[in-house]
Amino acid sequence: MMMINALKMFGKFVIVVVLIAFVVLGVIQLQKFATEPREQFLQGQMEARRVLVSGKVPGRIDRLFVHEGDVVFKDSLVAIISSPEIEAKKIQAQGALGAAQAQANKAKNGARHEDIAALKAMADRAQEAATLAKNTYDRVQKLFDEGVLPLQKRDEAETQMKASQSAADAAKAQYNQAVAGARSEDKAAANALVMQAQGANAEVDAYLEETKIRAPITGEVSLKLAEEGEVVGSGMPVIAVTDLDDAWAVFHLREDYLKNVSKGKKFNLQIPALDQKVEMEVAYIASVGDYATWRSSKESGGFDLKTFEVRMRPAKKVENLRPGMSVLLSVEDIQ
């Protein structure tokens, strides 16, 4: 019986000793945790290039081909705007171009073959009449020289000859003008009108092409700002596209932290969302700082400090890295 009681007492003693040991170890670990310096971090945030996609012409959105979260490629069609006004302008421009081209062709080709043939016939008849009048005058002049006819008859024959010749010259000039066509100045003016009409037509074509809104970059649709059927104005964004491959971390560092920060220097940054460290390189340091109330000049021995924006880009592509994620920079790395 005494042996059993002794064993029980010994067991209780062992349990008490173990509990005391656990308490002592806990106190030691707590003291160590409280006294050891913990790593300090500066928090930044991931950003990425974002482009607002819009069209140049106003109208109603006829089709919208993307949704938020979709991946779009550069120059891919994302929306179509319906604009009856521009389509009407296209018809007007085509009509003006056709009319100008017809005028230019008329100036280039000159008179019709039928008109030229008629003018030639008139010129031939006028020349024949002039030849007849010349022969008549020669006969009258011979008779006048012989004293058979009076001076009045000779003068009448001479006048008739000159008039017939003038008429023949005029008819021949009209024929030559028809054969030569329009003047060079008229042709140049007609061609200029064609170029003007072509320019107006090209302008309308450009506006029609602008009714097809295309993605300017490759990326992910992060925001949809309009819906099908809505009327949008000129330059009004339809969607926002974010290029996840063009990302950087943004920090706002006090100037007393910048002594060991320079462009091209690399740091290992902690990204809690991905539970990994990523090597990033300093790509940008703001040339002008902003005032901040980190330390006041009214404090004893203190002075005002400015903050500078610092951007760091990943050394290589990081999967699942997205804008808005927190990024941690160890204070020890920059001190």
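Glu220 is in contact (heavy atoms within 4.5 Å) with Gly69, Asp70, Val71, Ala240, Val241, Thr242, Leu244 and Arg322, once its neighbours within four places in sequence are set aside. Glu220 belongs to strand β6, residues 219–224. Helices (H or I, at least four residues) and strands (E, at least two) are DSSP runs, numbered from the N terminus. Is Glu220 buried or exposed? Glu220 counts as buried because its relative accessibility is 18%; buried means under 20% relative accessible area, exposed over 50% and partly exposed in between, with a 1.4 Å probe and protein chains only. The side chain of Glu220 also makes a polar contact of 2.6 Å with the side chain of Arg322. Such a contact is a pair of N or O atoms within 3.5 Å; within protein, one must be able to donate a hydrogen and the other to accept it, and residues adjacent in sequence count only if both atoms are side-chain atoms.

A word on the model: it is predicted, with local features needing pLDDT of at least 70 and side-chain atom pairs counting only at pLDDT 80 or more, while totals for chains, interfaces and linings use all residues. Residues are numbered from 1 along each chain as its sequence is written, and side-chain values use heavy atoms, leaving out hydrogens and water.

Now to a sheet. Four strands form an open sheet in the order β5-β4-β2-β7, with antiparallel pairing. β5 (212–214) and β7 stand at its edges with a single partner strand each, so one side of each has no neighbour in the sheet. Two strands pair if DSSP finds at least two bridges between them. Here are two of the pairings:

| Strands | Sense | Bridges |
|---|---|---|
| β2 (residues 59–64) and β7 (residues 231–232) | antiparallel | 2 bridges |
| β2 and β4 (residues 77–82) | antiparallel | 4 bridges |

Towards β4, Ile61 stands opposite Ile81, and Leu64 has Ala79 as its bridge partner.

Elsewhere, the charged end of Arg311 sits over the ring of Tyr284, 4.7 Å from the ring centre. For this, NZ of Lys or CZ of Arg must be within 6 Å of the ring centre and within 35 degrees of the ring normal.

Finally, the chain as a whole. The protein chain has 5 helices and 13 strands, and 27% of its 335 residues count as buried. Among its contacts with a separation of 6 or more, 75% come from residues 24 or more positions apart.
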